[in-house]
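Trainee: Hi! Could you walk me through this protein? I'd like to learn how to read a structure.

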Amino acid sequence: MTCAACANRVERALNKLDGVTASVNYATERAIVTGTGPDLADRATTAVDKAGYDATVRDPESADELAEQLTIKRVTALRRRLIVAILLAVPLMDATIVLAFVPSLRFPGWEIVSLLVALPVVTWAAYPFHRATVRNLRHRAVSMDTLVSLGIAVSFGWAAVSVLLRGASNTGALYLDVAAGMTVFQLAGRYFETRSRRRAADVFGALSRLATPTARVLRDGAEIDVPTGQVVKGEVVIVKAGEIVPVDGTVLEGAAAVDTSVVTGEPLPRSVRSGDSVIGGTISTDGRLVLTATAVGAHTQLAQMAAVAEQAQERKARIQHTVDRIIAWFVPAVIALAIAVTVGWIVSGAPFQQAMGTGIAVLVIACPCALGLATPTALMVGIGRGATLGILIKGQDALEASGVIDTIVLDKTGTLTTGELVVDQIDPDLLRYVVSVEQNSEHPIARAVERRAAADGITPRPVTDFEVRPGQGAVGVVDGHHVVVGNLTLLESEGITVPAEDGVGGGRMPAGVGAASVVYVGMDGRPAGAFALADRLRPTAAVAVEGLHGQGLRTILLTGDSEPVARSVAESLGIEDVRAGVLPADKAAVIEQLRADGHRVAMVGDGINDAAALATADLGLAVVTGTDIALKSADIIIVREDLGVIPDAIALARRTRQTIHRNLIWAFGYNLAAVPVAAAGLLNPLIAAAAMSLSSLFVTYNSLRLRDFGTEPDDD
């Protein structure tokens, strides 16, 4: 495909197939075809062939390499033709102008020599445009190449007729310049556009290139290297210092600092040891790790991130559908307009040469190449840049919603907080008895107690007569003491009365932001103390909220926790609006009410309880620790533990959206302004050719500026 009109034609051909829905992307040169039947792939490729193009079923293992080879081949061919065109066209243009206006310097047959010098430029060098035009005409279609090819052919044809039939008049000879110069400018534009699209694809495909092709596995007691695709879930994988982790896994042995920046954008390496999880595509910087593979192939986080990014790139915005419809009739309309302008100038009495030049200028200046590139190139670079920063933008809906939101609703547990209970305010002697009882429990509170005891170096004692009281706590005998650990109801059932003024039992919130609950301890029929459990705030939660406020967004804390707990968290973060005690089923209703009140709402969550709210919001953002259903419900996925990336995600989505709009404004504005100027005879065809090429380059390079997002002083 050489232009957006080509992509539209291929898409129409595919969508004519029974039961098939297809989307063709010019920038990525891919078609997503949805349908049924074992022969779907054959039917699709046949339809593309009949439309005049080539297609093959994409092999994930070799697709990127094949695309790279084809792009290099295309760039090399364009560069070769461009160099030859420049070497012949520049002296031709200089000599033709001088000889046309200075008769004393002419020599016999100079006009024939000029034609012969121009001939390879307008034929061999311009061959890609002519080939595409002929191919399209065979299928009764036109494209932007048709405009370019017609412009070159008409310019050279008029010059040849002038030279061969009437001798080299000034105007006839100068049209050799137009034909040769147009070829140079169009080749240069196509060459730099192809290179720029390759650079954009490099950003977009950064994730998929992180995977290592081989993995070192332990089989039959020996370490062997196998293709990464052959690693089996549960297999033991060895990663040495400096190597890329090939699969998602859990550390069995070893310790290392793992560089996750290439996957999550985290700037600092993360220390991992036995029991910790690692992500495929990250790098073990300084240690040897022995892993158990927990996810392989397409199930790894890296593969899923790449898939989400690729699917997002294939989705079209509503405005892109409008652009596609415009392009579909634009090229035929331009050809008709160029003919009408030429005839109009002739009828008005203008010289034929002037009328022809005006028609050629209209033909060339109106090429809507920039329209076809405006949206897909910006989307490609924006999504690719986000992926390298730990931000997955799932499509155009997220971009469009990002520009209108005014309110952002934040889930607490697991989003602003770690979601992991931490024991706070406990006496070491009391902890020894508590952990001895809780070591046999499966409750999350028991896990928090065990973590605190391990951190304090306290070893549990044997427990007898252990009994779990569902919904209340647990009891047991430790070193001859009857120990009760649980809520007030449990202690009261054991005949233990807790005075209201006793420590935490007095009802005061314990130290530490976000306390979740208070656990009481009784021993031998008397109250022995109490300790607090806190769900700690993530270190960057305050930075995230501050960043959202800096973007002028209203923040709301939405949680199922009690009012005191929610207020404690909100006050520490500077959030004034708190909605506490909201059941999971009611979270979506809160979002709906906010939207009914006229707000444009974004929701940030992580768990299955947030899935409905994420889907209901105008813009849903889910953190990577969330469940699969939450990720599917979100428009933007955050794959970094740094919550500061949340305002960055919104800023990037807005920047990408703004870039698309600027590209389209330029592309539409350029054509609307340039065509009347050319039709009025105020634009030389040579200048028109240069302007059209520069227009396409403008939208491409403007899109490439998104590569610098996150490195600039102010990205808003």
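This is a predicted model: local features need pLDDT of at least 70, side-chain atom pairs count only at pLDDT 80 or more; totals for chains, interfaces and linings use all residues.

Trainee: Okay! Which side chain does Glu 243 meet in a salt bridge?
Mentor: Its partner is Arg 216, with 2.8 Å from N to O.

Trainee: Where do Asp 456 and Arg 452 lie?
Mentor: Both are in helix 16 (residues 444-456), four residues apart, which is about one turn of the helix. Asp 456 is partly exposed at 40% relative accessible area, and Arg 452 is partly exposed too, at 25%.

Trainee: What about Arg 595, which residue does it form a salt bridge with?
Mentor: Arg 595 pairs with Asp 618, and their closest N and O atoms are 3.2 Å apart. This pair links distant parts of the chain, 23 residues apart: Arg 595 is in helix 20 (residues 584-596), and Asp 618 is in the loop between helix 21 (611-616) and strand 23 (619-623). Arg 595 is partly exposed, with a relative accessible area of 38%, whereas Asp 618 counts as buried at 17% relative accessibility.

Trainee: Which residues do salt bridges with shared partners join into one network?
Mentor: Arg 216, Asp 225 and Glu 243. You already know two of those names from the start of our chat!

Trainee: Let's zoom out. How many helices and strands does the protein have?
Mentor: It has 24 helices and 24 strands. The protein has 716 residues, and 51% of them count as buried. Its accessible surface comes to about 31000 Å², with 58% of that belonging to carbon and sulfur atoms.

Trainee: What share of the contacts is between residues 24 or more positions apart?
Mentor: The share is 68%, taken over the contacts with a separation of 6 or more.

Trainee: Now the inside. Which residues touch the most other members of the largest nonpolar core?
Mentor: Those are Ile 408, Leu 621 and Ile 636, in a core of 43 residues. Helix 23 (residues 645-679) gives the largest share of this core, nine residues. Apart from it lies another core, of 33 residues, including Val 331 and Ile 335. As a general point, nonpolar side chains in soluble globular proteins tend to be buried together.

Trainee: And what is Ile 636 in contact with, leaving aside neighbours within four places in sequence?
Mentor: Among them are Ile 391, Leu 392, Leu 619, Leu 621, Ala 649 and Ala 653.

Trainee: Switching to helix 2: which of its residues are buried?
Mentor: In helix 2 (residues 40-50), the buried ones are Leu 40, Ala 44, Thr 45, Ala 47 and Val 48. They cover an arc of only 155° around the axis, so they are on the same side of helix 2. The face turned away from that buried side carries the exposed residues Asp 42 and Lys 50. Helix 2 is followed by Gly 52, which has a positive phi, near 100°.

Trainee: One more helix! Where does Thr 133 lie?
Mentor: Thr 133 is in helix 5 (residues 127-138), and Thr 133 is buried, with a relative accessible area of 7%. A polar atom of its side chain lies 2.8 Å from the backbone oxygen of Phe 129. Setting aside neighbours within four places in sequence, Thr 133 is in contact with Asp 145, Thr 146 and Ser 149.

Trainee: Last one: where is the place of Ser 274?
Mentor: Ser 274 is in the loop between strand 8 (270-272) and strand 9 (277-278). A polar atom of the Ser 274 side chain lies 3.3 Å from the backbone oxygen of Leu 252. Not counting residues up to four places away in sequence, Ser 274 touches Val 251, Leu 252 and Gly 254.

Key. Residues are numbered from 1 along each chain as its sequence is written. Side-chain values use heavy atoms; hydrogens and water are left out. Helices (H or I, at least four residues) and strands (E, at least two) are DSSP runs, numbered from the N terminus. Contact means heavy atoms within 4.5 Å. A polar contact is a pair of N or O atoms within 3.5 Å; within protein, one must be able to donate a hydrogen and the other to accept it, and residues adjacent in sequence count only if both atoms are side-chain atoms. A nonpolar core is a set of buried Ala, Val, Leu, Ile, Met, Phe, Trp, Tyr and Cys residues joined through side-chain atoms within 4.5 Å. Buried means under 20% relative accessible area, exposed over 50%, partly exposed in between (1.4 Å probe, protein chains only). Accessible areas come from the Shrake-Rupley method with a 1.4 Å probe; for residues, only the protein chains shown count as cover. The arc is that of the directions from the helix axis to the C-beta atoms. A salt bridge is a side-chain nitrogen of Lys or Arg within 4 Å of a carboxyl oxygen of Asp or Glu.
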